[in-house]
Amino acid sequence: MKLESGMKIEDFSFNTQNGMKKSFLSEIKEAEQTILLFLRYIGCPVCNLMIHEINDNFLSFQKKEKKLFVVLQSEEKNLKKELKDYKLNFEIILDPEMKLYKKFSLESAEKKEDLVDEYSMERILLAKESGFVHGEYEGNEMQYPATFIVNKEGVVIFSKYGKTVTDTLSVDDLLNF
């Protein structure tokens with residue numbers, strides 16, 4: 001089911017790099033807003049760049065009482081390998097079976113050319129310049145991202161289904177929403 005503004009998100013359990021969580025809705029009750037950001041996988045350079053940008057701004061998210069979850073198609077071993085020397089300040093939902101991608105009706109590109117636009121090419125170049133190289137392929141390489149912002153009651157206040165590999169809100173937009 002596609003999530004739209006005004007809908008209540010259906011509760012779900014999930015795994016993160018910190019273990020099993022029984023209820024998404026119980027995890028979000030303390031935050032004014034929770035950002036649920038679907039990316040592809042940790043080996044994707046632009047996804048890795050976004051994760052690092054979020055992490056670098058984590059204190060700003062905390063000050064604004066925003067909780068973050070990034071959903072990846074990655075296996076735990078690949079996440080640990082890729083981030084072995086990096087401390088994450090937020091949780092990544094590991095969804096290698098893509099159950100949540102299906103649950104919330106995320107779409108995929110039909111061909112690689114559909115994944116990129118001018119902005120995507122800029123982000124790919126920035127990822128390369130920042131030292132992010134392509135890691136192991138996981139999940140669906142053609143996966144589009146999605147951004148959902150929910151309030152503490154679990155009501156969706158913002159919904160965006162991406163149409164390119166980088167079609168999410170920027171960190172600044174997430175902070176200022």
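This is a predicted model: local features need pLDDT of at least 70, side-chain atom pairs count only at pLDDT 80 or more; totals for chains, interfaces and linings use all residues.
- An open sheet of 7 strands runs in the order β2-β1-β5-β4-β3-β6-β7, with mixed pairing.
- β2 and β7 (156-161) stand at the edges with a single partner strand each, so one side of each has no neighbour in the sheet.
- Neighbouring strands of this sheet are turned by 25° against each other on average, direction ignored.
- As for terms, helices (H or I, at least four residues) and strands (E, at least two) are DSSP runs numbered from the N terminus, and two strands pair if DSSP finds at least two bridges between them.
- β3 and β6 (residues 146-151) run antiparallel and are joined by 6 bridges, with Leu37 opposite Thr147 in β6.
- β6 also pairs with β7 in the antiparallel sense, over 5 bridges.
- The hairpin of β6 and β7 has 4 residues between the strands, and Gly154 takes a positive phi near 90° there.

- Thr34 is found in β3 (residues 33-38) and is buried, with a relative accessible area of 0%.
- Buried means under 20% relative accessible area, exposed over 50%, and partly exposed in between (1.4 Å probe, protein chains only).
- Leaving aside neighbours within four places in sequence, Thr34 is in contact with Phe24, Ile28, Lys67, Phe69, Phe148, Ile149 and Val150, where contact means heavy atoms within 4.5 Å.
- α2 lies across β3, β4 (66-72) and β5, running at about 165° to β4; axes are lines fitted to C-alpha atoms, for helices over the stretch in contact, and angles run from 0 to 180 degrees between N-to-C directions.

**Backbone points to check**

- Most residues other than glycine have a negative phi.
- Glu65, in the loop between α3 (58-63) and β4, has a positive phi of about 55° and is partly exposed at 42% relative accessible area.
- Met98, in the loop between β5 and α5, has a positive phi near 60° and counts as buried at 13% relative accessibility.

**Pockets**

- A pocket is an open set of points on a 1 Å grid over the protein atoms alone, where a 1.4 Å probe fits, with protein on both sides within 12 Å along at least five of seven lines; lining residues have an atom within 4 Å of a point.
- The largest pocket has a volume of about 340 Å³, a volume being the space filled by probe spheres set on the points.
- Its lining has 17 residues, with Arg40, Pro45, Val116, Ile124 and His134 nearest the centre.
- α6 (118-129) and α2 (45-56) each supply at least two residues of that lining, and the largest share, 4 residues, comes from α6.
- The second largest pocket holds about 250 Å³ of space and is lined by 14 residues, with Phe14, Asn15, Leu94, Asp95 and Lys99 nearest its centre.
- The largest share of the lining of this second largest pocket, 3 residues, comes from β1.

Key. Residues are numbered from 1 along each chain as its sequence is written. Side-chain values use heavy atoms; hydrogens and water are left out.
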